[in-house]
Amino acid sequence: MGSVRAMASTRLLGFINAKAACSTKTLARAGCRLSSKRNVCSSPSRLQSSMQAWVIDQYGTNGVLRYTEEISIPTINFASEVMIKVNAASLNPLDVSMRGGYGATLLNIRRDPSSLMGNYNEFPLILGRDLSGVVVDCGSGVTHFSPGDEVWAAIPPWKQGSLAEFVTLTEYEVSHKPKSLSHIEAASIPYVASTALSALVNAGGLCRENSSNKRVLITGASGGVGTFSIQLLKAWGAHVTVTCSQNAEGLVRGLGADEVVDYTAGDAVEKLEMMGKFDVILDNVGGDSEQWAVGLLKPWSGAKYVTLVSPLLLNTDSMGLLDGAFHAGFTLHNKAIQNILSSGIFYRWAFYAPDGFVLDEVSKLVDAGKILPVVEAQFPFTQVPQAFQKFEHGHARGKTVVRVAEEEDDWAEASDSEQEVQETGQQN
Ligand SMILES: NC(=O)c1ccc[n+]([C@@H]2O[C@H](COP(=O)([O-])OP(=O)(O)OC[C@H]3O[C@@H](n4cnc5c(N)ncnc54)[C@H](OP(=O)(O)O)[C@@H]3O)[C@@H](O)[C@H]2O)c1
């Protein structure tokens with residue numbers, strides 16, 4: 001299984017090779033932090049059976065987050081698993097949604113099929129889908145990792161998350177962390193990279209070899225997925241147009257965006273219409289954007305509209321598994337048929353797809369300086385609720401990172417970063 005996935009990932013990502021679109025200098029001007037630190041491995045002691053974590057015991061708003069030191073350490077149950085000591089995690093919109101119960105119906109079935117009978121309790125649940133950390137233990141069948149290896153990973157949504165001291169994953173979900181990044185920087189990338197690659201490659205049909213003559217529009221480009229996608233597409237040589245708020249223009253241009261349209265200005269759609277048609281649109285916004293965005297694509301040329309905002313999990317939550325999945329499938333089918341028949345446009349939904357082999361390739365791009373981390377804010381582990389609060393406020397400019405295990409140098413940077421958060425909040 002591992003080799004099949006490795007081959008698929010190699011096929012998708014073997015094309016990556018291009019120049020970085022931005023420099024450290026431009027990113028620094030855009031408010032991003034860059035540093036280089038290493039970490040010390042520390043495995044759970046033989047006597048340690050519990051760990052620190054932020055959990056939820058019910059779905060709700062920020063008040064449901066609870067700090068505990070009494071969560072069982074996730075032991076290795078399968079030969080292919082690795083246990084990782086988490087150094088840093090980051091927040092994504094999915095964490096806020098999952099805190100509120102989003103996707104619970106489908107995710108519980110994936111966690112335990114007997115949940116269909118209604119007697120399953122997923123709590124206490126640990127949120128956090130990104131991690132950067134150090135391997136502390138390996139199952140007997142693990143071939144690519146050893147204790148002490150620095151790794152990064154995007155965690156599947158049905159597994160316990162990274163707002164905890166330790167996480168256990170299969171080795172196929174884990175990748176060696178880029179050497180050029182600190183854990184804080186590395187934790188900002190896996191989830192958005194896995195999402196962007198799934199959307200742009202699998203759904204959008206783009207790759208290094210075919211992107212140089214492509215015009216791509218990214219809506220909502222100033223957040224986590226957008227800031228990664230701009231850099232990836234520029235590394236592949238695409239022409240990249242983005243929509244974002246006016247005060248994010250410096251950031252997205254620093255990352256390489258060719259054209260920037262301020263969606264708050266009122267005439268954004270008219271401006272986009274005058275720029276010429278696009279080959280691919282990556283929609284990070286959803287809502288009514290698909291009503292005008294599809295018309296910006298080149299008709300009858302294989303152009304693709306890819307949205308990350310689909311109703312699948314919302315439908316299964318509100319209507320139950322079968323009705324919800326059927327309803328979502330029906331919606332997708334209708335839109336796909338309508339668009340292909342009317343203008344030859346491929347209409348697609350994309351989903352985040354964690355994959356260690358994909359991260360191996362992203363790691364090479366990062367170490368080659370072609371992809372830079374965009375860390376907007378960082379919080380200590382004691383302030384996870386504050387991190388959620390900041391993130392929920394919206395207006396992300398890159399990623400919000402949580403320092404799960406403090407590295408010595410991070411303390412020096414921490415107060416600066418928290419000051420920046422306040423300043424960013426005031427600007428917005
Ligand atoms: N299907 C999946 O598996 C999957 C996976 C990952 C993400 N997603 C979804 O994809 C979306 C993007 O994710 P993300 O991690 O990048 O989110 P994010 O970090 O929260 O960024 C969203 C960005 O969009 C900007 N924005 C908001 N409204 C906008 C508009 N109308 N036009 C242009 N920009 C706008 C925001 O800044 P301002 O408000 O200041 O403009 C912010 O910078 C989210 O909806 C997320 O739920 C789906």
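Start by selecting helix 4 and helix 11: they are roughly perpendicular to each other, a label that covers angles of 65 to 115 degrees (under 35 is roughly parallel, over 145 roughly antiparallel, and the rest oblique). Helix 4 spans residues 104–111 and helix 11 spans residues 312–319, and they pack at about 90 degrees with their axes 7 Å apart. At this contact, A104, T105 and L106 of helix 4 meet L313, T316 and D317 of helix 11. Contact here means C-beta atoms, placed from the backbone, within 7 Å. By class, the residues of this contact are three nonpolar, two polar and one charged. (Ala, Val, Leu, Ile, Met, Phe, Trp, Tyr, Cys and Pro count as nonpolar, Asp, Glu, Lys and Arg as charged, and the others, including Gly, as polar.)

A quick word before moving on. You're looking at a predicted model, where local features need pLDDT of at least 70 and side-chain atom pairs count only at pLDDT 80 or more, while totals for chains, interfaces and linings use all residues. Residues are numbered from 1 along each chain as its sequence is written. Axes are lines fitted to C-alpha atoms, for helices over the stretch in contact, with angles from 0 to 180 degrees between N-to-C directions. Helices (H or I, at least four residues) and strands (E, at least two) are DSSP runs numbered from the N terminus.

**Stay on helix 11**

Which residues of helix 11 are buried? Color L313, N315, T316 and D317: those are the ones. (Buried means 20 or more other C-beta atoms within 10 Å of a residue's own, exposed means 12 or fewer, and partly exposed is in between, with C-beta atoms placed from the backbone.) The buried residues of helix 11 pack against helix 4 and helix 12, which runs over 321–343.

Now click on L313. It counts as buried because 22 other C-beta atoms lie within 10 Å. Leaving aside residues up to four places away in sequence, L313 touches Y102, G103 and L106. Step just past the end of helix 11 and you reach G320, with a positive phi of about 90 degrees.

**Zoom out**

Of its 428 residues, 46% count as buried. Among contacts between residues at least 6 apart in sequence, 73% join residues at least 24 apart.

**Into the core**

Next up is the largest nonpolar core, with 105 residues. (Such a core is a set of buried Ala, Val, Leu, Ile, Met, Phe, Trp, Tyr and Cys residues joined through C-beta atoms within 7 Å.) Highlight I84, V252 and V402, the members that touch the most others. Helix 6 gives this core its largest share, nine residues. The core lies between domain 1 (35–189 + 375–427) and domain 2 (192–308), because both give residues to it; the domain bounds come from an automatic or database assignment.

Keep V402 selected and look around: beyond residues up to four places away in sequence, V402 touches A88, A89, S90, L163, F379, F381, V384 and A387.

Then turn to helix 6 (residues 190–203) and helix 13 (residues 356–367), whose axes come within 10 Å and cross at roughly 105 degrees. That makes helix 6 and helix 13 another roughly perpendicular pair. Pick out P190, A193, S194 and L197 in helix 6, which meet V358, L359 and V362 in helix 13. This contact of helix 6 with helix 13 has six nonpolar residues, one polar and no charged ones.

**A lysine in a strand**

Is K399 buried or exposed? This residue of strand 16 (residues 399–403) counts as buried, because it has 28 C-beta neighbours inside 10 Å. K399 touches S90, S188, G224, V374, V375 and E376, again not counting residues up to four places away in sequence. N92 is 307 residues from K399 in sequence, yet their C-alpha atoms are 7.8 Å apart.

**Last stops: backbone details**

- P124: find this proline in the loop between helix 4 and strand 4 (125–126). The F123 to P124 peptide bond is cis, with omega near -5 degrees.
- W300: its phi is positive, near 50 degrees, and the residue isn't a glycine. W300 is in the loop between helix 10 (289–293) and strand 13 (304–307), and it is exposed, with 9 other C-beta atoms within 10 Å.
- H395: here is a positive phi of about 55 degrees, also not in a glycine. H395 lies in the loop between helix 14 (384–392) and strand 16, and counts as partly exposed with 16 C-beta neighbours inside 10 Å.

Methods
Contact = placed C-beta atoms within 7 Å.
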